[in-house]
Amino acid sequence: MKEVHKGAILVLSGPSGAGKSTIIQEAAKEIGEYYFSISTTTRSPRVGEEDGKDYFFVSKESFEKDIKAGNFLEYAEVHGNYYGTSLKPVREALREGKLVIFDIDVQGHRLVREKMNDITTSAFITPPTLKELEVRLRARSTDDESVVLQRIENAKEEIRAVGEYDFTIINDMIDDAVGEFVIVAKAARLKQSQEDEEKFIQQWLG
Ligand code: 5GP
C-alpha cells in the first residue's frame with residue numbers, strides 16, 4: 001500500500017541553542033530521504049551561516065512583499081525579526097512524497113497545524129533546564145549578550161507551548177536525543193493524510 005503514502009511534515013520547535021540542527025545532521029543518514037525547509041529571514045547572518053543553506057537572508061522590504069504576494073505557508077516575528085516558510089518548495093517536496101522538516105517557532109507550529117494538521121507531526125526539542133540553555137547559548141558565543149538575553153526571555157515563553165507538541169525531546173545527551181529524533185521522524189512518515197486514508201480504505205476494500 002506504499003503508493004498511498006504522500007509527503008508528511010515534521011515540525012521541530014524549541015529554543016535557539018537546543019541543538020535542533022545538530023540533531024537533524026546526526027540523524028540524517030538514518031531517517032531516509034527528507035527535505036529540510038530553508039526559511040527566509042530578515043535577521044543578519046551569524047558567523048559561518050550561508051545564504052541559501054541556513055536561511056535565505058532578505059531585507060524587510062522584500063519579506064513584506066512576499067507576505068503581500070501570499071508566498072508564505074506561515075511566518076512570524078521572532079526576536080524582532082521576520083521568519084517565514086515559503087510555500088512553493090514545501091508543496092513540491094510534499095508532492096514528491098518527501099518528509100518535510102521545519103525548524104520553526106511555536107507561532108509557526110500553530111499555523112502549520114491550522115493548514116496541514118492531518119499530515120503534521122511535531123516535536124519540541126529543549127535542553128533539560130533553562131540554566132543549561134543559558135550555558136549553551138553563552139558557549140556558542142556567536143551572539144552578543146543582548147541577543148542571548150532576548151533568546152532566554154523568548155525561551156521562557158516558548159516552553160509554555162510544550163504541551164501543544166506530539167513529542168518532547170530533551171537534549172541532554174546528544175546520542176539519546178538523536179535516537180529519539182530518529183523514532184519521531186520515522187513515525188512522522190507513517191502519518192497519512194485524510195485524503196490518502198480514503199484511498200487506502202477503498203483499495204483495502206478491493
Ligand atoms: P535563529 O535566529 O536562532 O536561527 O531562530 C530563531 C527562532 O526562529 C527559532 O525558534 C526558529 O525555530 C524560528 N524560526 C526559524 N525559521 C522560522 C520560520 O520560517 N518560521 C517561524 N515561524 N519561525 C522560524
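How many Å apart do the C-alpha centres of domain 1 and domain 2 lie? The two centres are separated by 18 Å. The model is a predicted one, in which local features need pLDDT of at least 70 and side-chain atom pairs count only at pLDDT 80 or more, while totals for chains, interfaces and linings use all residues. Residues are numbered from 1 along each chain as its sequence is written, and side-chain values use heavy atoms, with hydrogens and water left out.

Domain 1 covers 1–33 + 99–206 and domain 2 covers 38–96, with bounds from an automatic or database domain assignment. To their contact (heavy atoms within 4.5 Å), domain 1 gives 23 residues and domain 2 gives 15 residues. The size of an interface is often given as the accessible area lost when the parts come together. Here about 1500 Å² is buried between domain 1 and domain 2, 62% of it on carbon and sulfur atoms; this buried area is what the two parts lose on being put together (1.4 Å probe), summed over both. Zero salt bridges are counted between domain 1 and domain 2, a salt bridge being a side-chain nitrogen of Lys or Arg within 4 Å of a carboxyl oxygen of Asp or Glu.

Helix α6 (residues 145–158) contains Arg151; helices are DSSP runs (H or I, at least four residues), numbered from the N terminus. Leaving aside residues up to four places away in sequence, Arg151 touches Ser16, Arg43, Arg46, His79, Leu137, Arg140 and Asp143.

Leu205, in helix α8 (residues 194–205), counts as exposed because its relative accessibility is 58%.

Technical notes: Helix = DSSP H or I, 4+ residues; strand = E, 2+ residues; numbered from the N terminus. Buried < 20%, exposed > 50% of the residue type's maximum accessible area, 1.4 Å probe, protein only.
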